[in-house]
Amino acid sequence: MNLLIKISSFAFLLGLQFSKAQINPCLPIEIYTQKEGASISKILVEYDKFDNIISREVIQYYGNSPTSSKVVNEYKNPNRLIKSQYFVNNVLTKSVEKQYDNLGKLIAETESNGVKQNNRGTLVDNKFEQVYFNEDGSIAAKTISENSNSGESISRYNGNNVLISSKRNVLNASGKIVENENNDVLGKVKILEKNTYDSSNQILKSEEYVNDVLKTHRTYEYTGNLLRKLTAFDANNTEDYRIEYNYENGNVIEEIAYYKGELSGKKVKTYDEKNNCIKETNYNKNGLIINETTFKYTCK
């Protein structure tokens, strides 16, 4: 993956505010990426009247043989997801059905491939236990998930009920992740990420530890509530990469990436009159286009 695309995706996952377009009443219905006139991928999304996603299709183009992956969702009351069906090239591959109590809490979940049950989840003592099955019906693995206002934990066991991995996150009072841990018990590798926020809940610093040893950290600089620069450092506190943001009317119009102090690439964005990003163009360090992505929306 291109460095600029990878860094930008990471930043968006953190929930950083990049533009006004994130708060307008428009929803994306098509995201189309191409290079030199050749299609790379297309994402098509449909919504119901409550803005729930009822269909999301991802089409990857490989020569003359595009591959389609599609999810069709069904809701009740009116935003409660009760069923999802997964298709590959229009062939149903699995179905997931969910059940809730009168308060809307998930109490059961079943996944099947149309013939056999792949896994079954049940709420037990406020913990969600999910059992995964082998083809012969024997237990392959089990996960136990627990959620609270302060975070979430997931433990995974093998068929012999031996703990093999665990995940957990800790949230602050505003629901932001302050710690995120992934522990590979069998491989004896624990990765812990710690995030620091300011009084406005803008992330200032993110540190990554491997087996309790600091390996990387990232810092974030703002002008008001607009992110201006993200910088990543290695274990020796030497700059690894950074990305700088330029804005116009509150919308980010340029993302410029550097790797080891040298220009790596640039993303340029254009917007419509409703502040929707309608085009992104990725360039390499020599100014040549890597790919172009266009966006279409439905607006209320």
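The model is predicted: local features need pLDDT of at least 70 and side-chain atom pairs pLDDT 80 or more, while totals for chains, interfaces and linings use all residues. Residues are numbered from 1 along each chain as its sequence is written, and side-chain values use heavy atoms, without hydrogens and water. The chain has 22 strands and one helix, both taken as DSSP runs numbered from the N terminus (helices H or I, at least four residues; strands E, at least two).

**Overall**
- The C-alpha trace spans about 55 × 45 × 40 Å along its principal axes.
- Of the 300 residues, 31% count as buried (buried is under 20% relative accessible area, exposed over 50%, partly exposed in between; 1.4 Å probe, protein chains only).
- Among contacts (heavy atoms within 4.5 Å) with a separation of 6 or more, 18% join residues 24 or more positions apart.

- Strand β4 (residues 67-76) pairs with strand β5 (residues 80-88) in the antiparallel sense over eight bridges; pairing requires at least two DSSP bridges between two strands.
- Tyr 75 has Leu 81 of β5 as its bridge partner.
- The β4-β5 hairpin has three residues between the strands, and Asn 77 takes a positive phi near 65° there.
- β5 also pairs with strand β6 (residues 91-100), antiparallel over six bridges, and Ser 84 has Val 96 of β6 as its bridge partner.
- Two residues separate β5 and β6 in their hairpin, where Asn 89 in the turn has a positive phi of about 50°.

**Glu 111**
- Glu 111 is found in strand β7 (residues 106-112) and is buried at 15% relative accessibility.
- Beyond its neighbours within four places in sequence, Glu 111 is in contact with residues including Lys 94, Val 96 and Asn 119.

**Salt bridges**
- The structure holds 19 salt bridges, each a side-chain nitrogen of Lys or Arg within 4 Å of a carboxyl oxygen of Asp or Glu.
- Glu 207 and Lys 205 meet at 3.7 Å, N to O; Glu 207 is buried at 17% and Lys 205 is partly exposed at 32%.
- Arg 242 and Glu 244 have their closest N and O atoms 2.9 Å apart; Arg 242 is buried at 17%, and Glu 244 is partly exposed at 23%.
- Glu 292 and Lys 279 meet at 3.5 Å, N to O. Glu 292 lies in strand β22 (residues 289-299) and Lys 279 in strand β21 (residues 277-284), so the pair ties together parts 13 residues apart in sequence.
- Glu 255, Lys 267, Lys 269 and Glu 280 are linked in a salt-bridge network.
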